[in-house]
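Student: Could we go through this one together, starting with the aromatic side chains? I have not looked at it before.
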Amino acid sequence: MAPTWDLVLLVFFAASVVYGFLMGKDKTLITILGAYVGLVIANQWGARVFSLVSSQTDVLNTGWMQGNLAIFFVKVILFALIILVIAQRGGWLAHAPSTIGVFGMVMPLVYSVLSAALIAASILDFLPEETRKQVIEKSVVAAPLVAYYSWWLILPVLLIIVSGWFSKE
């Protein structure tokens, strides 16, 4: 039985929410910032890196890569690497204002969900148009991620700004 896109996306969302609760709001904010940086780098450099590693004269173009490497995979790898590097080494990037009470307990959940939506929607956006359409037809979860991609890009930034008004610092 092959996993469906819905299952993969729901597991990813669940893992992101658990990560957000375990790591806290600061790490989740750093992950969101890493997703934005990764998105820019993957979109700007994905095609260049793909042409570099898939050229006929390149030493890297041997074995599995020959014929199996797609620009989608290169963009996803760049995107994931940037997120991982910034999440691991980006502790100096942000210090989220502390909140207390229910607001302080709900905000990590909201940040985690928006982080997961931003990352999943960005990866779906990397897909070729035809493949993306096929995924949307087969997935209940992927359809709103693709349809509201602009919102997934802007909502984390708006939340960071708005939640800053409610902080105690």
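Student: What sits over the ring of Trp45?
Tutor: In this predicted model, it is the charged end of Arg48 that sits over the ring of Trp45, at 4.9 Å from the centre of that ring.

Student: Okay, and how many aromatic pairs does the structure hold?
Tutor: The structure holds three aromatic pairs. One of them is formed by Phe12 and Phe13, whose rings are edge-to-face, with 6.4 Å from centre to centre and 85° between the planes.

Student: Is Phe13 buried or exposed, and why?
Tutor: Phe13 counts as buried because its relative accessibility is 16%, which falls under the 20% cut-off.

Student: What about Phe72 and Phe73, how are their rings arranged?
Tutor: Phe72 and Phe73 also form an edge-to-face aromatic pair, with their centres 5.4 Å apart and an angle of 65° between the planes. Of these two residues, Phe72 counts as buried at 15% relative accessibility, whereas Phe73 is partly exposed, with a relative accessible area of 41%.

Student: Switching topic: which residues form the nonpolar patch on the surface?
Tutor: That patch is formed by Tyr148, Trp151, Ile154, Val157, Leu158, Ile161, Val162 and Trp165, which together have about 810 Å² of accessible area.

Student: And where does Trp165 lie?
Tutor: Trp165 lies in helix α7, which covers residues 149–165. With a relative accessibility of 67%, Trp165 counts as exposed, because the cut-off for that word is over 50%.

Technical notes:
Residues are numbered from 1 along each chain as its sequence is written. This is a predicted model: local features need pLDDT of at least 70, side-chain atom pairs count only at pLDDT 80 or more; totals for chains, interfaces and linings use all residues. Side-chain values use heavy atoms; hydrogens and water are left out. Rings of Phe, Tyr and Trp (its six-membered ring) pair if their centres lie within 6.5 Å; planes under 30 degrees apart count as stacked, over 60 as edge-to-face and the rest as tilted. Buried means under 20% relative accessible area, exposed over 50%, partly exposed in between (1.4 Å probe, protein chains only). A charge sits over a ring if NZ of Lys or CZ of Arg is within 6 Å of the ring centre and within 35 degrees of the ring normal. Patches are made of residues with over 30% relative accessible area and no salt bridge: like charges are joined within 9 Å, nonpolar side chains (Val, Leu, Ile, Met, Phe, Trp, Tyr) within 5 Å. Accessible areas come from the Shrake-Rupley method with a 1.4 Å probe; for residues, only the protein chains shown count as cover. A salt bridge is a side-chain nitrogen of Lys or Arg within 4 Å of a carboxyl oxygen of Asp or Glu. Helices (H or I, at least four residues) and strands (E, at least two) are DSSP runs, numbered from the N terminus.
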